[in-house]
Amino acid sequence: MSDSIEITVDEAAARLAGDDAQLVDVRRQEEWDGSRLAGAIHIELELLASKAKAIDKDKPVIFYCHSGTRSRMAAEAFRNSGYDAYTLTGGIKAWDGSGKPLDPPGATIVH
């Protein structure tokens, strides 16, 4: 586990391409419906505690939200529970701003 809870878009993309992390979107349903990162699972922030078993404790987990605030709360809580957890710096906004694709193709970010 890295000391830093923050992970950059490029670091996250490399880990995901190498299947070295799992990705969890903690945004609201309407945000998820509009766009997401490919391969992510969706668990709204308010439901994370009750659905923690859906997240593999033996694999690093990268949480993301719109800009990084909600995902940081999730990453901190999961780190405190023994997970190798990170927050995507800048959230889906940073991912999209770096030119990385959103799912579904052609999607835009819902605020």
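Tutor: First, a term: buried means under 20% relative accessible area, exposed over 50%, and partly exposed in between, using a 1.4 Å probe and protein chains only. This is a predicted model, so local features need pLDDT of at least 70, side-chain atom pairs count only at pLDDT 80 or more, and totals for chains, interfaces and linings use all residues. Residues are numbered from 1 along each chain as its sequence is written, and side-chain values use heavy atoms, with hydrogens and water left out.

Student: How far apart are the end C-alpha atoms of helix H3?

Tutor: Helices (H or I, at least four residues) and strands (E, at least two) are DSSP runs, numbered from the N terminus. The expected span of a helix is 1.5 Å times one less than its number of residues. With 12 residues, 69–80, H3 should span 16 Å, and that agrees with the separation in the model, 17 Å.

Student: Which strands do the buried residues of H3 pack against?

Tutor: Ser71, Ala74, Ala75, Phe78 and Arg79 are the buried ones. They sit on the same side of H3 because they cover an arc of only 130° around the axis (taken from the directions from the helix axis to the C-beta atoms). Over on the other side, Thr69 and Asn80 are exposed. The buried set packs against strands E4 (61–64) and E5 (85–88).

Student: How close are the N and O atoms of Glu6 and Arg72?

Tutor: A salt bridge is a side-chain nitrogen of Lys or Arg within 4 Å of a carboxyl oxygen of Asp or Glu, and the structure holds 8 of them. This one links distant parts of the chain, with Glu6 in strand E1 (residues 6–7) and Arg72 in H3, 66 residues apart. Their closest N and O atoms are separated by 2.6 Å.

Student: Which residue forms a salt bridge with Asp10?

Tutor: Asp10 lies in helix H1 (residues 9–17), and its partner is in the segment after helix H4 (91–97), so the pair ties together parts 90 residues apart in sequence. Asp10 is exposed, at 53% relative accessible area. The closest N and O atoms are 3.2 Å apart, and the partner is Lys100.

Student: What is the nearest side chain of opposite charge to Arg36?

Tutor: Arg36 belongs to the loop between helix H2 (29–34) and strand E3 (41–42). Its side chain reaches the backbone oxygen of Trp32 at 3.0 Å. Lys and Arg count as positive and Asp and Glu as negative, while His and the chain ends are not counted. Arg36 is buried and has no salt bridge; 4.2 Å away is the nearest opposite charge, Asp103.

Technical notes: Contact means heavy atoms within 4.5 Å. A polar contact is a pair of N or O atoms within 3.5 Å; within protein, one must be able to donate a hydrogen and the other to accept it, and residues adjacent in sequence count only if both atoms are side-chain atoms.
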